[in-house]
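This report looks at one residue and then at the surroundings of a ligand. Have the structure open while reading.

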Amino acid sequence: MSNIKVELTKSPKPKPVDESKLTFGDVFTDHMLIVDYDEGQGWHDARIVPYGPLSLDPAAMCLHYGQEVFEGMKAYRADDGRVLLFRPQENFKRLNLSNDRLCIPPVDEEFMLECLEKFVSIDADWIPKAPDTSLYLRPFIIAVDPHLGVRAANHYLFMVIASPVGPYYPEGLDPVKIYVETKYVRAVKGGTGFTKTAGNYSSSLKAQYEAKEKNYTQVLWLDGVERKYIEEVGTMNVFFKIDGEIITPSLDGSILGGITRKSAIELMRGWGMKVTERRLSIDELAKAYDDGKLEEAFGTGTAAVISPIGHLNWGDTKIMNINNGEIGPVSQRLYDELTGIQWGKVEDKYGWTVTVK
Ligand SMILES: *Cc1c(COP(=O)(O)O)cnc(C)c1O
């Protein structure tokens, strides 16, 4: 199966000199992975080529109707030099879930992972070594037929690009301030909220900017029907510790099933904590706060891993300061354990990491 062509760049770019100053997603490596799809032929011509602009017909369907899906994952450099991926099979499984919803043909998960591993091994020198840095990987699929009628495309590109990154929030693990969004919604059941598709993100920008204007880092999304049940925080899944119990919204179709979310649940259950996936309303949360039972709140996602929430503003009338605006013990333990496994520093009891050869 492994028929992956490689064309190495003749003009390698200089790598970032000061790894401690890396931002998120601004610098790209020397190469990129491309696989074509044509109806009748399936996915074909996997190749790793020098990184550079694409030539697209202006009528390419992804540019008009947003038939696109993507993934987000990281390659980590362990102290002993190994290159590690974290549960990459889950990303390809989820890619196919997104593909199905967006009428994009499924990929061979194993083959695409093999292609991605080869790509990572070719650009492995780009994986930074400074603490909290990694190589962010962005697999994505775009519809490229030149056609303006609304239908699913017959020709697609699967690609992976890579970017050496520092921490997602420059403020690090400091708790963020979150605005409870009551005007805009991100997703509804039956829509595309459970997929990673471009339109979900372009349509959430306005809420994000309005929150920024009020000095908040991100928004807390409520459900799109009743505007009542908590869904996600920004582009992360969200967890609360209420009276000793961990509660996270259940995956009911409008919420993205995060791999960090899944891993956090498995870790906490492994530690003997009670973790419940269920609907949680903003009223119930506010009540728990008033009763002094809201102990911790945090977001989970590949980019930031764990993002503690120190302050919630619901309608400018209800302000919740959580754990005195400081990171809580569960958030800290999860961050340490997850990053420890990802960077190969603590024992990987669950067999989550994959070593790139
Ligand atoms: C990617 C993403 C997440 C987090 O998923 P991970 O697999 O943990 O990175 C959560 N919510 C949204 C909307 C996302 O796009």
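## Thr 248 and its contact

The side chain of Thr 248 reaches the backbone oxygen of Val 238, at 2.6 Å. The model is a predicted one, and this distance of 2.6 Å is computed from it. Thr 248 belongs to strand 13, which covers residues 245–248.

Is Thr 248 buried or exposed? Its relative accessibility is 1%. Buried means under 20%, so Thr 248 counts as buried.

## Where the ligand sits

The ligand sits in the largest pocket. Around the ligand there are 14 residues, and those that come nearest are Lys 196, Tyr 201, Glu 232, Thr 260 and Thr 302.

Which elements each supply at least two residues of the shell around the ligand? They are strand 12 (236–242) and helix 6 (259–270). Sorted by class, the shell has six polar residues, four charged ones and four nonpolar ones.

In Thr 302, an N or O atom of the side chain is 2.6 Å from an oxygen atom of the ligand. In Lys 196, a polar side-chain atom lies 2.8 Å from an oxygen atom of the ligand.

Thr 235 contributes through its backbone: one of its backbone N or O atoms lies 3.3 Å from a nitrogen atom of the ligand. On its own, the ligand has 380 Å² of accessible area, and the protein covers 95% of that.

How values were computed:
Residues are numbered from 1 along each chain as its sequence is written. This is a predicted model: local features need pLDDT of at least 70, side-chain atom pairs count only at pLDDT 80 or more; totals for chains, interfaces and linings use all residues. Side-chain values use heavy atoms; hydrogens and water are left out. A residue is near a molecule or strand if one of its heavy atoms lies within 4 Å of it. A polar contact is a pair of N or O atoms within 3.5 Å; within protein, one must be able to donate a hydrogen and the other to accept it, and residues adjacent in sequence count only if both atoms are side-chain atoms. Accessible areas come from the Shrake-Rupley method with a 1.4 Å probe; for residues, only the protein chains shown count as cover. On a 1 Å grid over the protein atoms alone, a cavity is a set of points where a 1.4 Å probe fits but cannot get out, and a pocket is an open set with protein on both sides within 12 Å along at least five of seven lines; lining residues have an atom within 4 Å of a point. A molecule sits in a cavity or pocket if more than half of its atoms lie within 2 Å of its grid points. Helices (H or I, at least four residues) and strands (E, at least two) are DSSP runs, numbered from the N terminus. Ala, Val, Leu, Ile, Met, Phe, Trp, Tyr, Cys and Pro count as nonpolar, Asp, Glu, Lys and Arg as charged, and the others, Gly among them, as polar. Buried means under 20% relative accessible area, exposed over 50%, partly exposed in between (1.4 Å probe, protein chains only).
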